[in-house]
Every structure is written in structure tokens, then in C-alpha cells.
Amino acid sequence: ALFRDPKERLLSAWKSLIACDEEKWQTDLDHNHLKVLLRLAGVASDARCLGFKEFLQLLQKIHDAGRARVSIEHFLPQQYDCFADHPAKLSWTRISSMALDAVSGSFASELSTALGGEATARFPHLHATPRAQLPQDPAVQQLLDILTKVEYHAIGLHPTHAPSRPDAAEL
């Protein structure tokens, strides 16, 4: 099975749906996702977008309130989605970035070869937003660790910081 690295998944969801710099991230703010998250967190705000740290703090409030399970699919931890009906058997051996092979340790090539495909295979970047790397801010890293701890455990892996991408934009 393939699944998203939990930290990369949150970063991707933020860029796509919550980030304030619409031009840089090609953020789609023409939706109600942030309003729903604010409601789930019990926060009264007219905010149209949030910075990454503020987004993580909002998710933390949702988790602390026990509402992560009812979150929008883009922000729903994988243990409540794809692994709710089919729990991980704790036999995963790798977690990979969806980035290009040079960055992801050539996992896509290894997987393709194991399945009889080309050794030059890559995970495609079909997402509309440009790549970004996770911020190195210790407070952000701590929030990410807290928010993704159960998700990593559910998929049978220990949390690690997503690989730094040389072609990624800074937040």
C-alpha cells in the first residue's frame, strides 16, 4: 500500500487550501474549508487564510477537542480514513516522499522494479501547488510531531522529518 507521509500531507493540504500567499502556492481559497476547521476548533474568526504554524495550532485545537475524526478529508488523519477499515499490519518497511527519486531515496524506482516496471520510475507531481519543504522552526516541528504521532503509529512507522528538497520553496 502507498500512503502519504503525514507531515507532507499536512503541508500539502495547507498550501492547497489554507495558505495566504495565493500567488506563490496557487492556493484555492474559494471554498469553506477554513470556516469548517475554525468551527471544529471552536474558534470565532473571519480569517480567510492562515500561516502554516497557525494552521497547525488550529489543527491541534481540533485534535485536543476530540474532533480530528470528523475533520474534512484533506485534513483527516489517515488512521481515520484509509486505515480505519484496513488497519496497518505493522509490516511497512519504508515511508517515502512523493518527491522526485533523487530526493526520495529512489523508492519509486525500487517499487517499480519490484513490480516488474522501469527502474527510472518516479512519483509524479500532479499537484497544482509548487513543492515546499517543512519549516525547520522547532515550534513547528513540535506541532507536527504532536499532530502526526498517532498517525505514524497507525501506519506502523516512527515519525521522521520529511526529507529536505533542494527544489522546494521556503515557507
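The predicted protein contains seven helices and zero strands. Read from the N terminus, its elements follow the order α-α-α-α-α-α-α. Of its 171 residues, 43% count as buried. Among contacts between residues at least 6 apart in sequence, 68% bring together residues at least 24 apart.

The buried residues of H4 are Phe 52, Phe 55, Leu 56, Leu 58, Leu 59, Gln 60 and Ile 62. Their cover includes three other helices, namely H1 (6–17), H3 (33–41) and H7 (138–154). Just after H4, the backbone at Gly 66 adopts a positive phi of about 75°.

Two of the helices that cover H4, H1 and H7, also pack against each other, with their axes 9 Å apart and an angle of about 120° between them. Angles of 65 to 115 degrees count as roughly perpendicular and those over 145 as roughly antiparallel, and H1 and H7 are therefore classed as oblique to each other. Their crossing is right-handed. On the H1 side, the contact is made by Pro 6, Lys 7, Arg 9 and Leu 10. Helix H7 contributes Gln 141, Leu 144, Asp 145, Leu 147, Thr 148, Glu 151 and Tyr 152.

A disulfide is a covalent bond between the sulfur atoms of two cysteines. A search of the whole structure turns up one disulfide, and this bond joins Cys 20 to Cys 49 with an S to S distance of 2.1 Å. The link of Cys 20 and Cys 49 is right-handed, with 100° about the S-S bond. The pair connects distant parts of the chain, as the two cysteines are 29 residues apart. Cys 20 sits in the loop between H1 and helix H2 (22–25), while Cys 49 belongs to the loop between H3 and H4.

Note on methods. Residues are numbered from 1 along each chain as its sequence is written. This is a predicted model: local features need pLDDT of at least 70, side-chain atom pairs count only at pLDDT 80 or more; totals for chains, interfaces and linings use all residues. Side-chain values use heavy atoms; hydrogens and water are left out. Buried means under 20% relative accessible area, exposed over 50%, partly exposed in between (1.4 Å probe, protein chains only). Helices (H or I, at least four residues) and strands (E, at least two) are DSSP runs, numbered from the N terminus. Contact means heavy atoms within 4.5 Å. A disulfide is a pair of cysteine sulfur atoms within 2.5 Å. Axes are lines fitted to C-alpha atoms, for helices over the stretch in contact, and angles run from 0 to 180 degrees between N-to-C directions. Angles under 35 degrees count as roughly parallel, over 145 as roughly antiparallel, 65 to 115 as roughly perpendicular and the rest as oblique. A crossing is left-handed if the near helix is turned anticlockwise from the far one by less than a right angle, and right-handed if clockwise.
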